[in-house]
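Student: I'd like a close look at a single part here, taken slowly and with its surroundings. Could you walk me through what you find?

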Amino acid sequence: MSARVPVVEHAEHHPGATEYIRIALVLTVITAAEVAVYYVPSLRPVIMPMLMVLSATKFALVVMFYMHLKFDNRLFSGFFIFGLVCAAFMITAFITLFHLLSAPKAF
Amino acid sequence: MEHVAALPAQAHVGETSTGLNSRKVLMWAFLGSDCMLFGSLIGTYLVYRGNYPSGPKPSDVFDIPYTSVSAFALLMSSLAMVLALAAIQRGDIRRLKIWLLCVAGLGLVFIGGQVYEFTTFGSEGLNLTTATFGSSFFTLTGFHGTHVTFGIVWLLMLWMLAARGQMTQARSLDVEIAGLYWHFVDIVWIIIFTVVYLIPAI
Amino acid sequence: MATIAAPVERRGLLARPVAPRGIWAWVTTVDAKQIGILYGATAFIFFLIGGTEALLMRTQLAVPNANVVGPGTFNALFTMHGTTMIFMVVMPLSAAFFNYIVPLQIGARDVAFPRLNAFSYWVFLSGGLLMHFGFLIQQVPDVGWFAYANLTENAFSQRGVDFWVVGLQVLGVGSLAAGFNFLVTIINLRAPGLTLMRMPLFTWTTFITSILIVLAFPVITIALVELMFDRLFGANFFNTANGGDPILWQHLFWVFGHPEVYILILPAMGIVSEIVPVFSRKPLFGYPFMVYAVASIAFLSFTVWAHHMFTTGLGPIAASFFAASTMLIAVPTGIKIFNWISTVYGGSVRLNTPHLFALGFIAMFTIGGLSGVMHASPPVDTQQQDTYFVVAHFHYVLFGGSVLALFGGIYYWFPKITGRFLGEGLGQLNFWLMMIGFNLTFGPMHFLGVDGMPRRIFTYPAEMGWGLWNLVSTIGAYAIGLSVLVFIANVSKSLRAGERAGSDPWDGRTLEWSISSPPPHYNFATIPVVHGRDAFWLEKYPELEGHAAAAPDERRDRTAAHDAGEAHGHIHVPDPSYWPIATAAGILVAGTGVLFAMPLLPVGLFVVLVGVVGWSMEPVNG
Ligand code: HEM
Ligand SMILES: [Cu+2]
């Protein structure tokens with residue numbers, strides 16, 4: 001990289017409308033699954049990890065495809081993921097400090 | 001001075017070191033920063049989770065089917081958003097206008113749902129001042145709602161420009177950037193829906 | 001002013017002002033250099049205010065049982081002093097250099113978003129004013145610069161806290177806007193060939209500082225919103241009667257607060273890394289390690305915050321984690337110190353004033369860093385917390401570090417900015433007075449702290465035996481005050497009749513020295529092409545660096561070339577604009593509304609709305 005580069009707006013691969021709709025279908029199914037999990041009593045013991053995996057999948061699908069992060073410049077991913085990691089670290093630390101390491105409180 | 005005029009590298013608008021558009025870089029930096037904003041709000045909510053000395057508990061007020069529907073509306077608005085972007089990238093301004101209205105409409109459905117939810121919670125005795133649950137719940141979801149509202153105004157402005165014939169294929173970046181913001185607001189709700197509503201407290 | 005290739009179609013709510021003069025030129029400017037001067041001048045005024053507050057405190061503490069100011073006033077003094085120095089002096093002084101120097105160092109004509117840049121400054125000014133409005137009704141913030149809950153709840157405090165909350169909130173908005181702007185500027189406006197690993201170190205530290213700003217300030221924003229909701233609407237975030245936990249405030253504050261201390265020190269480190277190589281006539285030693293050290297701080301500084309909270313009882317696991325991460329962050333800091341020393345070592349050293357300040361920085365910062373590592377150990381910190389030992393620590397890093405370096409930066413870049421040198425004689429006097437005064441003031445505080453003198457007390461009994469060192473400290477403080485007067489004399493003398501400086505008075509290494517002093521408003525007539533680190537040095541002395549001499553047409557004189565560039569009439573410089581200050585004024589009105597009369601709040605927000613709309617409809621040029 002040594003020169004100024006003219007801004008090329010859409011050089012990369014773009015998913016088309018059918019792909020968008022297919023992703024929307026997957027998102028719908030996952031959302032339905034999330035709500036279903038909530039209502040099945042026998043799943044209660046594992047509800048937390050299950051819901052976290054499901055919503056993380058939704059999150060990733062939207063970010064990667066609808067926000068094009070999968071196809072776009074890595075700089076964008078860098079910004080976003082750095083902010084995300086810092087926020088996740090902070091939240092994890094708060095949970096650890098206030099609930100796991102302090103006097104036993106139901107969480 | 002002859003050689004000066006011959007030198008190529010005048011800084012022209014639209015030429016950047018990375019080849020990336022500056023406004024788009026700004027938007028992604030903003031989204032990274034906004035992660036910390038919502039991170040602090042969600043962190044606060046989780047610190048006070050499970051601590052309900054007085055006032056209603058989450059299970060007393062939450063109506064999961066109702067919130068699922070509005071969460072779904074927001075999720076589908078993201079689909080409309082990418083279709084709007086695809087339309088302008090093809091130069092199809094008519095479809096762009098339709099899809100933009102769809103996004104804004106679904107956003108309004110979500111906001112309407114939130115207003116209704118807040119009023120219902122209020123009548124059930126939960127508000128900003130009832131214990132820490134009320135404070136942290138309304139502040140978190142209120143901040144999100146403000147983000148959505150701002151997004152709706154932005155999209156409607158784009159729609160107005162399109163209606164006045166000022167949106168062309170060449171301006172698809174304007175839609176793309178608004179779209180990034182909109183999708184971000186959507187994924188924040190994906191997290192809130194799970195962490196606040198679905199994962200049961202106690 | 002701006003030469004425009006083709007007439008621009010003018011549309012929008014207000015025509016863009018063209019070639020305004022006098023005060024209007026400053027009010028509507030979007031030129032990063034002018035904005036830099038505004039930042040610098042405003043910050044210096046706040047420096048005088050904060051300094052006066054400090055002298056009042058030192059006067060009160062000079063002898064036991066003194067009665068210069070009462071306890072209430074003393075609380076207000078240390079609160080306003082700390083808040084002012086951090087948010088209204090060191091940060092904006094750094095921003096002054098970001099604005100003036102970074103575009104020059106990267107070979108750009110302006111920043112990525114010139115109007116946003118002007119907006120940042122006006123919002124900063126509004127925040128500073130809002131913070132000080134409390135003086136109008138004698139309700140001054142008095143809860144310390146970190147405003148620990150639940151002292152800040154309505155039940156335990158007065159209205160002063162509102163001014164602190166609203167003022168800091170607005171200051172944060174200004175910082176965020178500036179952070180985004182410089183982030184994008186450095187990513188996207190670098191001259192051809194200026195790869196990341198060729199960037200001058202000041203540009204690097206600005207880059208990392210901007211990342212810290214955009215990630216840390218949202219956290220304090222939320223903390224302040226929560227506090228404001230508690231105070232205005234009766235929310236319960238920190239209200240213990242209703243389940244609130246004051247410790248949460250401490251976490252949120254320090255998640256922001258520790259990155260904040262790096263926001264304060266990194267620009268200073270960048271300045272020192274520019275000065276030391278120039279005055280040692282050697283390239284910066286270990287450039288890549290400097291860069292990695294600065295960059296690693298961006299990550300690490302988000303993992304250490306609870307070292308400010310050891311005494312809240314974090315428990316052994318958390319305390320060990322935060323102690324370890326704090327000790328770890330001292331490693332990149334140490335690397336930098338060794339690199340500066342190695343740069344000086346064996347160089348042909350010139351001891352001009354800028355270099356004296358830079359060397360002073362290295363020595364003083366090392367002392368402050370060492371005391372920092374000491375209280376990274378929880379048992380040690382338990383002894384030191386809230387004593388004068390901590391006060392000594394953070395003044396060695398903040399004054400001995402940031403402020404000395406910023407003064408060095410002023411002496412270094414003043415010839416570029418004004419075209420005139422600051423006096424060398426007065427400069428040396430300024431430095432030695434400040435250096436001796438500083439050590440007299442803060443050195444003894446180490447002893448006082450170990451002797452058990454708590455911070456934030458307005459007086460002490462004679463039997464404690466703290467009288468001697470307190471007196472020494474007060475004498476030192478007045479010496480610092482004197483050194484600032486010498487500085488003011490130096491500046492006003494130089495502005496009138498200072499020795500003329502050419503474009504490259506120090507035999508500089510970076511691109512800002514390749515153009516005239518002061519630079520033309522478009523900076524570079526032709527955008528430079530960069531072939532390596534220390535771009536301008538390479539261009540001047542290709543043979544020294546083992547490069548083949550550059551082709552004659554690349555060794556052009558950019559200063560002479562600007563006439564040619566202007567004659568061609570294709571230099572795009574953005575026109576001035578009313579909208580940044582108008583939008584910021586809306587924020588000022590809204591903030592005033594929250595503080596004094598709620599009806600003003602919607603008025604202010606409406607002005608902001610109009611401002612944003614007018615802004616986005618304004619025809620953009622260049
Ligand atoms: C070697 C690096 C550093 C280490 C290990 C370190 C460590 C610490 C620790 C553990 C404390 C808490 C002391 C207490 O309250 O008991 C502290 C306080 C403080 N540090 Fe540092 N520090 C370092 C560098 C810096 C820098 C570069 C700055 C700013 C330019 C800074 C500014 C402060 C301030 C302002 C406080 C006091 C906050 C307050 O209580 O008012 N430190 N430091
Ligand atoms: Cu710290």
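Tutor: Let's begin with F421(C), which is buried, with a relative accessible area of 16%. Keep in mind that this is a predicted model. The ring partner of F421(C) is W506(C): the two ring centres lie 5.3 Å apart and the planes stand at 80 degrees, so the pair is edge-to-face. W506(C) counts as buried too, at 5% relative accessibility. What does this pair link? It links distant parts of the chain, 85 residues apart. F421(C) sits in the loop between helix 12 (388-418) and helix 13 (424-450) of chain C, while W506(C) sits in the loop between helix 14 (467-497) and helix 15 (535-540) of chain C.

F217(C) is buried at a relative accessible area of 1%, and F256(C) is buried at 0%. Over all chains the count comes to 89 aromatic pairs. Chain B contributes an aromatic cluster whose members include Y45(B), F110(B), F137(B) and W189(B).

Rings also meet charges. In chain C, R509(C) lies over the face of W537(C), 4.2 Å from the ring centre. In chain A, R44(A) lies over the face of Y38(A), and there the distance to the ring centre is 5.3 Å.

Now to the metal site. Which residues coordinate the copper ion (ligand 2)? They are H258(C) through ND1, H307(C) through NE2 and H308(C) through NE2, at 1.9 to 2.0 Å. Along the sequence these donors follow the spacing H-x48-H-H. H258(C) belongs to helix 7 (residues 246-280) of chain C, and H308(C) to the loop between helix 8 (287-300) and helix 9 (316-344), so this pair ties together parts that are 50 residues apart in sequence. H258(C) is buried, with a relative accessible area of 6%, whereas H308(C) counts as partly exposed at 23%. The copper ion (ligand 2) and the iron atom of ligand 1 are separated by 4.7 Å.

What about the nonpolar packing? The largest nonpolar core has 304 residues, and those with the most contacts inside it are Y66(A), F80(A), F62(B), W249(C) and F361(C). Take W249(C) as an example: leaving aside neighbours within four places in sequence, W249(C) is in contact with residues including F146(C), Y148(C), W164(C), L224(C), L227(C) and F238(C).

Finally, here is chain C as a whole. The chain has 18 helices and 0 strands. Of its 622 residues, 63% are buried. Among contacts with a separation of 6 or more in chain C, 82% are between residues 24 or more positions apart. The C-alpha atoms of chain C fill a box of roughly 75 × 60 × 50 Å, taken along the principal axes. A compact globule with 622 residues would have a radius of gyration near 25 Å, and the 25 Å of chain C agrees with that.

How values were computed. Residues are numbered from 1 along each chain as its sequence is written. Chains are lettered from A and ligands numbered from 1 in the order in which they are written. This is a predicted model: local features need pLDDT of at least 70, side-chain atom pairs count only at pLDDT 80 or more; totals for chains, interfaces and linings use all residues. Side-chain values use heavy atoms; hydrogens and water are left out. Donors are N, O and S atoms within 2.8 Å of the metal (3.2 Å for Na, K and Ca); water is not among the atoms, so sites may look incomplete. Helices (H or I, at least four residues) and strands (E, at least two) are DSSP runs, numbered from the N terminus. Buried means under 20% relative accessible area, exposed over 50%, partly exposed in between (1.4 Å probe, protein chains only). Rings of Phe, Tyr and Trp (its six-membered ring) pair if their centres lie within 6.5 Å; planes under 30 degrees apart count as stacked, over 60 as edge-to-face and the rest as tilted. A charge sits over a ring if NZ of Lys or CZ of Arg is within 6 Å of the ring centre and within 35 degrees of the ring normal. A nonpolar core is a set of buried Ala, Val, Leu, Ile, Met, Phe, Trp, Tyr and Cys residues joined through side-chain atoms within 4.5 Å. Contact means heavy atoms within 4.5 Å. The radius of gyration is taken over C-alpha atoms; the globule rule is 2.2 Å times the number of residues to the power 0.38.
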